[in-house]
Amino acid sequence: MKRTTLMAAGLAIGFASIATAQERPDTLAALGPPPIPADNPMSPEKIALGEKLFFDPILSGNNAMPCSACHLPENGWAVQDKISFGYPGTTHWRNSQTIINSAYYGKLFWAGSSKSLEGQARSAARGGVAGNGEDDMMEARLAFVPEYREAFREVFGDDWPSIRHAYMAIAAYERTLVQTDTPFDNYMNGDDAALDDQQKRGLELFTGKANCAACHNGAMLTNEAYYNLGVPPYDGWEEDPIAQITFRFELMAKGVTEKMYRSTKDDPGLYFRTKQASDKGKFRVPSLRYTKYTYPYMHNGMLETLRDVVVFYNEGGGENEFSDNKSDMIQPLGLNDDEIDDIVAFIESLSGDEILPAEPEIPEMQPLPLAQN
Amino acid sequence: MILRTLALSALLMGSSAMAQEAVTPEPPMDVKPAQAELGKRLFYDTRLSGDTNLSCASCHHPDKAFSDGEALSQAYTGAAHFRNSPTLANVGFRDAWLHDGKLGTNLNDVTREMITETFLMNMDMRIMQDRLKQDPKYVEMFDAAGYGEPSNGGARNALQAFQKTIQSRNAPVDTGAMSASAQRGQGIFEGKGNCASCHSGVRYTDDQPYNTGVGDNPDIWSDPMRHSAFVTYAKFMGVPNYMNLREDLGAFVRTHQPETRRSFLTPSLRELTYTAPYMHNGTMATLQEVVDFYDAGGGDDPLKDARLKPLGLVPSEKADLLAFLEALSGESFDTDAYVWREDDYDYQLIENWRDVPN
């Protein structure tokens with residue numbers, strides 16, 4: 001955080017000649033480069049390997065579900081549907097989150113169950129309603145791809161590709177999927193013209209009357225804390241038998257009491273990690289970056305547009321079965337229609353151009369020549 | 001009225017009642033009909049695999065005595081198997097399972113392994129359990145079977161019950177309807193051919209592993225899908241140098257004893273006419289080839305069992321032996337007693353979801 005602030009300050013000095021007296025909110029910041037963990041340094045070769053693996057179905061149970069199956073570049077690197085696709089024969093139970101800027105999060109997944117991108121990649125590849133892969137099998141398959149044998153040897157010194165290293169390479173690639181030149185970033189870095197008047201009014205409301213910045217603050221516009229806002233439960237649980245199956249499976253798999261398994265009808269969120277009743281229905285505050293492309297919104301996609309989200313807050317949030325835990329900060333805001341539009345316009349300034357790189361060519365499994373080592 | 005009740009109970013008894021009328025190698029196993037009936041439905045249900053593409057019956061076809069007719073079995077989507085799918089005839093009587101005898105406990109463990117193994121059905125059983133609960137027919141059948149609500153354990157028990165009903169019926173060797181040639185062949189089987197040395201007992205197997213020198217199946221190593229499944233298995237079983245193996249080490253994967261390399265369980269000879277091709281890796285297309293193989297003293301392997309010697313069978317003796325082997329096959333399992341005919345595999349929405357317990 002400190003590093004980002006310093007950098008923003010440095011850039012601001014660079015722009016001093018064109019900067020005017022307009023004040024920047026001190027609760028928000030431009031986005032700097034992502035943190036790189038010391039135990040997984042970046043290199044061009046590692047990133048290139050991770051890019052291939054991200055799009056390669058080899059890292060799944062049926063050799064058909066790459067990371068990109070549920071994090072589609074043309075869908076904002078997410079899924080533009082309430083709930084993510086899930087493994088064939090299943091459906092998922094939460095909204096797919098964008099990969100863009102995921103590098104900055106301290107914890108991954110809606111309830112923060114993963115401590116790193118590396119861990120997230122592994123969990124997603126193995127989860128029964130996600131990749132449904134098994135590490136031994138996925139690792140065995142990697143060894144049959146000549147390009148991977150060579151790349152894992154070069155990047156990690158592996159005799160044979162290691163599945164742990166595959167997750168590290170994917171994480172390295174994901175750390176390149178960042179966007180630091182949004183209109184908002186340019187504005188924070190000193191370009192007064194980067195936001196239009198409506199967006200500036202929205203920013204004012206965002207940090208002021210609407211109090212969004214109480215939680216959506218810092219360079220990522222999230223404090224990464226967990227709250228219950230009273231988001232209504234996913235309606236698919238009332239309409240889709242396969243969604244009902246997944247919901248019960250998740251309750252069982254994530255470890256709840258028999259009583260809770262029988263009676264719970266909504267996603268308990270953070271409770272799964274802490275097993276504290278006061279954490280039921282809490283989810284991590286998401287970044288608002290790149291949200292122009294990541295509709296619908298909330299952990300279960302129950303709000304369709306950014307405007308719906310702002311209206312939801314303006315009305316003081318909603319109700320769900322865990323409403324005892326609803327945050328006191330969520331109160332009716334008294335915004336008029338113009339003010340709502342202004343905030344939406346500001347939020348849109350947190351997204352730059354759509355990131356749509358050409359997808360890499362995926363190498364194929366080949367018969368394995370004897371005595372590779 | 002009494003007659004109608006009798007007819008109805010015969011229907012309800014299902015496969016085990018019918019099996020009792022047939023001549024079987026051993027007395028039918030003690031199986032509750034409602035449990036076997038549930039197991040039968042589960043056996044043909046693709047929702048027991050991760051991506052809902054495979055059922056048990058995908059590799060165990062009833063018209064092939066529950067084998068699949070392939071040299072090497074298919075496997076889970078995106079993978080392929082490195083061994084031949086074995087018959088399930090009399091499977092409940094076995095002492096060990098899988099060609100290498102990896103499982104020597106019970107059918108429950110075999111069933112679980114098939115469902116959960118990543119290159120077989122790749123099923124997270126917790127998801128399976130909740131799938132079963134979403135099918136009203138299962139809710140009813142589990143209850144009728146005495147298992148309560150649908151569960152993993154109940155499903156495995158029911159699948160065991162069904163498998164225990166799969167028993168050879170009315171094979172000429174059991175009914176006494178063998179031809180003269182087959183009867184002569186039996187003499188060779190027990191005498192000159194020495195087949196009964198390993199193919200002993202009423203199932204014609206001692207359930208023990210031996211090296212007979214069956215040749216390698218190169219299709220395992222030329223197909224990365226098969227080979228990578230093999231690597232996964234060998235790695236999991238702790239086989240040294242698994243990446244550089246180009247042979248199936250058989251019982252060695254569990255014993256880690258060098259002298260057991262390339263030894264495989266003696267297969268039952270029951271229902272052979274339905275289960276071509278033969279051997280653990282399907283490398284022999286016909287029974288004639290198998291007879292010729294043993295007549296020649298088996299294959300070429302330094303660890304080959306010492307009892308395998310050239311037999312010196314003349315063509316008429318081979319023909320008789322073949323006739324006997326064919327007399328070990330009974331009636332087809334492609335009947336209502338062993339096949340779930342209805343395509344009634346549906347999930348049903350729980351309409352009042354909010355108001356009922358999960």
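Leaving aside its neighbours within four places in sequence, which residues is A:Ile170 in contact with?

Tutor: Happy to. Residues are numbered from 1 along each chain as its sequence is written, and chains are lettered from A and ligands numbered from 1 in the order in which they are written. This is a predicted model, where local features need pLDDT of at least 70 and side-chain atom pairs count only at pLDDT 80 or more, while totals for chains, interfaces and linings use all residues.

Now to your residue. With neighbours within four places in sequence set aside, A:Ile170 is in contact with A:Gly50, A:Leu53, A:Phe54, A:Cys67 and A:Ala121. Contact here means that the C-beta atoms of two residues, placed from the backbone, lie within 7 Å.

A:Ile170 also belongs to the largest nonpolar core, which has 154 residues; A:Ala169, A:Ile170 and B:Ala229 are the ones that touch the most other members. Such a core is a set of buried Ala, Val, Leu, Ile, Met, Phe, Trp, Tyr and Cys residues joined through C-beta atoms within 7 Å. Buried means 20 or more other C-beta atoms within 10 Å of a residue's own, against 12 or fewer for exposed and anything in between for partly exposed, again with C-beta atoms placed from the backbone. The biggest contribution to this core comes from α6(A), with 9 residues. Helices (H or I, at least four residues) and strands (E, at least two) are DSSP runs, numbered from the N terminus. Apart from that core lies another, of 24 residues, including B:Met178, B:Phe189, B:Met284 and B:Leu325.

Just after α5(A), A:Gly157 has a positive phi of about 70 degrees.

A:Asn132 counts as buried because it has 26 C-beta neighbours inside 10 Å.

Finally, here is how the two chains meet. 35 residues of chain B are in contact with 39 residues of chain A. On chain B, the elements that give two or more residues to this side are α5 (125-133), α10 (219-222) and α11 (224-236), and α11(B) gives the most, with 7 residues. That side of chain B divides into 13 nonpolar, 14 polar and 8 charged residues. In this count, Ala, Val, Leu, Ile, Met, Phe, Trp, Tyr, Cys and Pro are nonpolar, Asp, Glu, Lys and Arg are charged, and the others, Gly among them, are polar.
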